[in-house]
Amino acid sequence: MNLRKVLSPELISLGLKASTKREVVEELVDLLMRGGRINDRDAALQAVLERESKMSTGIQHGVAIPHGKTSAVNDLVACVAVKPEGIDFESLDGEPSTIFIMTLSPLNKTGPHVQFLAEISRLLKTAESRERILKVTSKQELLSVLLE
């Protein structure tokens with residue numbers, strides 16, 4: 001999975017305004033919409049919220065990876081946001097989430113979706129990488145941390 005093809009500065013938010021799980025999901029969908037990556041906001045939002053209703057994608061160590069499969073995209077798309085003060089995302093470890101990576105995939109393509117989730121999980125598994133992400137001061141710096 002080549003993250004360079006999926007992530008770019010316009011798909012990064014260092015200042016999430018959201019204070020609830022649903023607001024985070026809406027803000028990330030809107031980020032993808034503004035970036036021209038999805039063609040139907042409501043369908044994309046529904047796909048992610050439906051996935052969240054089955055089980056939270058707040059994993060652990062402050063990371064949440066909301067995702068879904070939808071006809072609102074033609075290829076895998078993703079965006080990243082950071083909120084250092086954290087939001088309750090109903091994470092598995094009960095801790096607030098501070099790093100959010102949303103991905104949406106077409107209904108008929110499974111491979112890239114699984115590869116992306118695996119790659120992101122690998123990148124965020126160390127405390128050092130998560131700490132570096134939370135300390136970035138620019139979108140480009142965040143992108144550099146993720147693409148090393």
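Two strands pair if DSSP finds at least two bridges between them. The legends below describe close-up views of a predicted model.

**View 1. Strand β3 beside strand β5.** Strand β3 covers residues 67-69 and is joined to β5 by 3 bridges. The two strands run parallel. Within this pairing, G68 has L104 of β5 as its bridge partner.

**View 2. Strand β2 beside strand β5.** Strand β2, made up of residues 63-64, runs parallel to β5 and is joined to it by 2 bridges. The bridge partner of A64 in β5 is F100.

**View 3. Strand β4 beside strand β5.** Residues 77-87 form strand β4, which is antiparallel to β5. Here 7 bridges join the two strands. I87 of this view lies opposite S97 in β5.

View 4. E52 belongs to helix α3, which comprises residues 41-54. The relative accessible area of E52 is 7%, and buried means under 20%, so E52 is classed as buried. With neighbours within four places in sequence left aside, the residues in contact with E52 are K21, T57, P66 and F89.

Note on methods:
Residues numbered from 1 in each chain as written. Predicted model: local features only at pLDDT ≥ 70, side-chain atom pairs only at ≥ 80, totals over all residues. Heavy atoms only, no water. Helix = DSSP H or I, 4+ residues; strand = E, 2+ residues; numbered from the N terminus. Buried < 20%, exposed > 50% of the residue type's maximum accessible area, 1.4 Å probe, protein only. Contact = heavy atoms within 4.5 Å.
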